Amino acid sequence: PANSLLNIEVKNSVNENVFVIDATGKTVMQSKINGTSIQLNVDELPSGIYQVIIPGATSYATRFQKIK
């Protein structure tokens, strides 16, 4: 679960967009990762289940639960 900050780490260095998708499939946040890690501020998101996607060569996808 995440409260206000979500830390994401990937194995290989990438320069890609990061998308946070809500349960309805809507993109609610977009950022850029340039390296092997990024910290997203999810404080403003309502509680719920979200998916994080980093498209491209990494094909990274995971889910997290936002709690208040």
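Reader: Which residues have the most contacts inside the largest nonpolar core?

Author: In soluble globular proteins, nonpolar side chains tend to be buried together. A nonpolar core is here a set of buried Ala, Val, Leu, Ile, Met, Phe, Trp, Tyr and Cys residues joined through side-chain atoms within 4.5 Å; buried means under 20% relative accessible area, exposed over 50%, and partly exposed in between, with a 1.4 Å probe and protein chains only. The largest such core has 17 residues, and those with the most contacts inside it are Leu6, Ile8, Val18, Val20, Leu40, Val42 and Phe64. Two or more residues each are given to this core by strand E1 (5–21), strand E2 (27–41) and strand E3 (48–54), and the largest share, 6 residues, comes from E1.

Reader: On what basis do these values rest?

Author: This is a predicted model, in which local features need pLDDT of at least 70 and side-chain atom pairs count only at pLDDT 80 or more, while totals for chains, interfaces and linings use all residues. Residues are numbered from 1 along each chain as its sequence is written, and side-chain values use heavy atoms, with hydrogens and water left out.

Reader: Which residues are in contact with isoleucine 8, leaving aside its neighbours within four places in sequence?

Author: Contact means heavy atoms within 4.5 Å. By that criterion, isoleucine 8 touches Val18, Thr36, Ser37, Ile38, Leu40, Val52, Ile54 and Tyr60.

Reader: What is the order of the strands in the sheet?

Author: Strands of a sheet pair through backbone hydrogen bonds, either parallel or antiparallel. Strands (E, at least two residues) and helices (H or I, at least four) are DSSP runs, numbered from the N terminus, and two strands pair if DSSP finds at least two bridges between them. In this model, 4 strands form an open sheet in the order E2-E1-E3-E4, with antiparallel pairing. E2 and strand E4 (60–66) are the edge strands, each pairing on one side only. Between E3 and E4 there are 7 bridges in the antiparallel sense; isoleucine 53 has alanine 61 in E4 as its bridge partner.

Reader: How many helices and strands does the protein chain have, and why is it described as compact?

Author: The chain has 0 helices and 4 strands. Its radius of gyration, taken over C-alpha atoms, is compared with the globule rule, 2.2 Å times the number of residues to the power 0.38. The radius is 11 Å, close to the 11 Å that the rule gives for 68 residues, so the chain is as compact as a globular protein of that length. Buried residues make up 31% of the 68 residues.
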